[in-house]
Amino acid sequence: MSAAISLEHVHRSLGGEVILGDVSLSIAHGQSCAIVGPSGSGKSTLLNLIGLLDEPCHGRVLIGGENMTGASGAQRAMMRNRSIGFVFQSFHLLPRLTVLDNVALPLFYRGMPVPRARCAARRQLQLVGLGARMSHRPAELSGGQRQRVAIARALVGEPQLLLADEPTGNLDGEAAADVLELLKALNRERGVTLLLVTHDPAMASHMQRCLNVRAGQVGDAR
Amino acid sequence: MLAEHYGPSASQRLAESIANLGTMGRRAWLGLLGVAVGCAAVVALLNVGHSAALQSRQLFQGMGSELLVATLQRDSETPAMTAQPPQLSAVSPLLISAAPLAMAPVEVRLGAISEALMVTGSTPALATVLDLTADQGRLLSEHDAHNAYLLLGAIAAQQLQASVGDQLQLGRYLFEVIGILGPIGYNPLLPVAVDDGLLIPLQAMRRLSSAPQISAVVALARDSQSVRVAADELAGDLRMQLPGAEVEVQVPQQLLDGMASQARLFSWLLAGLGAIALLVGGVGVMNVMLMSVIERRREIGVRMALGARPVDIAWLFLLEAVILASGGAVLGSMVGVLAAWLFAWLSGWDFALDPWSIPLGVVSALLIGVFFGLQPALAAARLQPVAALRDE
Ligand SMILES: Nc1ncnc2c1ncn2[C@@H]1O[C@H](COP(=O)(O)OP(=O)(O)OP(=O)(O)O)[C@@H](O)[C@H]1O
Ligand SMILES: [Mg+2]
């Protein structure tokens, strides 16, 4: 069985500065993995490459065994839609849409009819404990609630891969613990591969594996 | 990966774009207004041009498209033509009637009033050709050929304050007013302005001028189809009867055609003006859309992360531009027709809707929307997801 993610000799420089140089790594299906490292070391860059939001200068990125090198913008978009869920530090919900439509958005892009997409979104929101807030706008929710909406949105397309870039960075202790529990449960119960960028060593310790990004290199921290 | 079923349905895209415009508020209305003004200008100006063309056509048609005017130019050897006027009664079976015209400016006096007026000598046939009627008194008849009688044009009668039975002094002679003509209006085809002058029998012209000349023949054809043939026959006949005279026959249809093409040119010129207004409106739409793309950069990034392809992003913005343009087109068409109607009403014309004006206005507004919406839409679609998502 191929790995959920493999990077082969990936190189990325930005503004003439090498951020990641010759990174090769492989992450197995269903694994939970923390990405740690000092600020500005390239953790987000690494996650964006894996999430097909960015392209490497050299090297290959394979998602579920599929080589995405040289794929068109549309092919990458479809791959993101089907296989990858994103959770961002600043939530990135669309302020004009209701909570329900925010969650249903990936299914709209998939071409699913509106009623079916909304139905699936409703189910997902109930799972993250927000069944009562579906017609609210994101601005009417607390930070923790917003991040749970974002997680519901990341999961609604049933991806194999969940990428979270400091998902608790904007949350206080209790809400952060809630979100971490939710992510861990998803990894455990649904078998989603989880990649989590964090500054918090305690949080990293909850993951099965820990990758350290430093000086353009990525290595296992333990 | 199945590409066919990917992407939101058309109705979903539409609903989304409309909702987005709703949240744009006043800025969206300003963009729409720009296109509306342009579209209104196109529609209004096309309709004004159309109504103007119709107006002038009606004006000319009232003068008869069966009318023929032959101008005669004599070289010096030809004897005075009034001495031996051309026989016009049997020129062509296509002609109902024909009448010669001899003209001279004369000082006309009645009591204390004196006016320099154009006197036209002709035959009774002129009444048939020009459809003359007497408001007061009667018209000239065959029996009046050698009498010192005259008919006054409607305006000339007012100027002289003359009535039937008055004796007018024309040069050294006295003429009796036997009728006052009803107004026939100004006809640019005719060499004579009937309303402003007076009519006397052709023979009587010799009392006013030593060598009066027949300078024109006006004729009436049976129908407008045979006008051209009748014109040729009239010209041929006159050349035979009056050797040495230069004969040229004008058909009003030629003039009408010229007028029509001129009116069309005018219409297009006005439409061109409208098109410029529309272009300005299009620039307004582009401005609104570019602003929107910049403001919604983050949203574009989020949508891309969730699976929006470049083409989906392009549609999102292009549809917004097209909806703005469509709204502008609908509003502009209504305002344009209203404005043209108002203009026609104020000018005292009949309003005629140019059947092409609304399709032309709407289609050009939509094209403007697509043209000016495409650039911002493509700019949005070309954004890289990471770049769009990055915090400022
Ligand atoms: N568009 C860009 N142009 C030039 N340099 C960039 C660009 N984006 C990021 N960088 C640089 O790349 C490096 C890595 O950035 P990245 O966002 O991956 O860091 P990070 O590890 O996620 O940091 P943090 O923990 O603060 O989020 C930084 O030094 C940053 O300055
Ligand atoms: Mg980062």
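The model described here is a predicted one. The patch is formed by Leu30(B), Leu33(B), Val37(B), Val330(B), Leu331(B), Met334(B) and Val335(B), whose accessible area comes to about 650 Å² together. Two elements of chain B give two or more residues to this nonpolar patch, namely helix H2, spanning 26-62, and helix H8, spanning 310-347. One of the patch residues, Val335(B), is found in helix H8 of chain B.

From this surface the description turns to the place where the two chains meet. The size of an interface is often given as the accessible area lost when the parts come together. Between chain A and chain B the buried area is about 2,600 Å², and carbon and sulfur atoms give 63% of that area. In terms of residues, 29 of chain A are in contact with 29 of chain B.

The polar side of this interface can be described pair by pair. Eight residue pairs are found in polar contact across the interface of chain A and chain B, with both residues at pLDDT 80 or more. On the side of chain A that touches chain B, at least two residues are supplied by each of helix H2 (73-83) and helix H3 (99-110) of chain A. H2(A) provides the largest share of that side, nine residues. By residue class, the side of chain A that touches chain B consists of 14 nonpolar, seven polar and eight charged residues.

Charged pairing across the interface is a separate matter. The rule finds one salt bridge between chain A and chain B. In this salt bridge the side chain of Arg96(A) meets that of Glu299(B), with an N to O distance of 2.7 Å.

Over all chains, the structure holds 16 salt bridges. Among them is a pair within chain A, where Asp101(A) forms a salt bridge with Arg118(A) and the closest N and O atoms are 2.7 Å apart. Asp101(A) lies in helix H3 of chain A and Arg118(A) lies in helix H4 (residues 114-127) of chain A, so this pair ties together parts that are 17 residues apart in sequence. Helix H3 of chain A, which holds Asp101(A), also supplies at least two residues of the side of chain A that touches chain B.

Key
Residues are numbered from 1 along each chain as its sequence is written. Chains are lettered from A and ligands numbered from 1 in the order in which they are written. This is a predicted model: local features need pLDDT of at least 70, side-chain atom pairs count only at pLDDT 80 or more; totals for chains, interfaces and linings use all residues. Side-chain values use heavy atoms; hydrogens and water are left out. Contact means heavy atoms within 4.5 Å. Buried area is the accessible area (1.4 Å probe) that two parts lose on being put together, summed over both. A salt bridge is a side-chain nitrogen of Lys or Arg within 4 Å of a carboxyl oxygen of Asp or Glu. A polar contact is a pair of N or O atoms within 3.5 Å; within protein, one must be able to donate a hydrogen and the other to accept it, and residues adjacent in sequence count only if both atoms are side-chain atoms. Helices (H or I, at least four residues) and strands (E, at least two) are DSSP runs, numbered from the N terminus. Ala, Val, Leu, Ile, Met, Phe, Trp, Tyr, Cys and Pro count as nonpolar, Asp, Glu, Lys and Arg as charged, and the others, Gly among them, as polar. Patches are made of residues with over 30% relative accessible area and no salt bridge: like charges are joined within 9 Å, nonpolar side chains (Val, Leu, Ile, Met, Phe, Trp, Tyr) within 5 Å. Accessible areas come from the Shrake-Rupley method with a 1.4 Å probe; for residues, only the protein chains shown count as cover.
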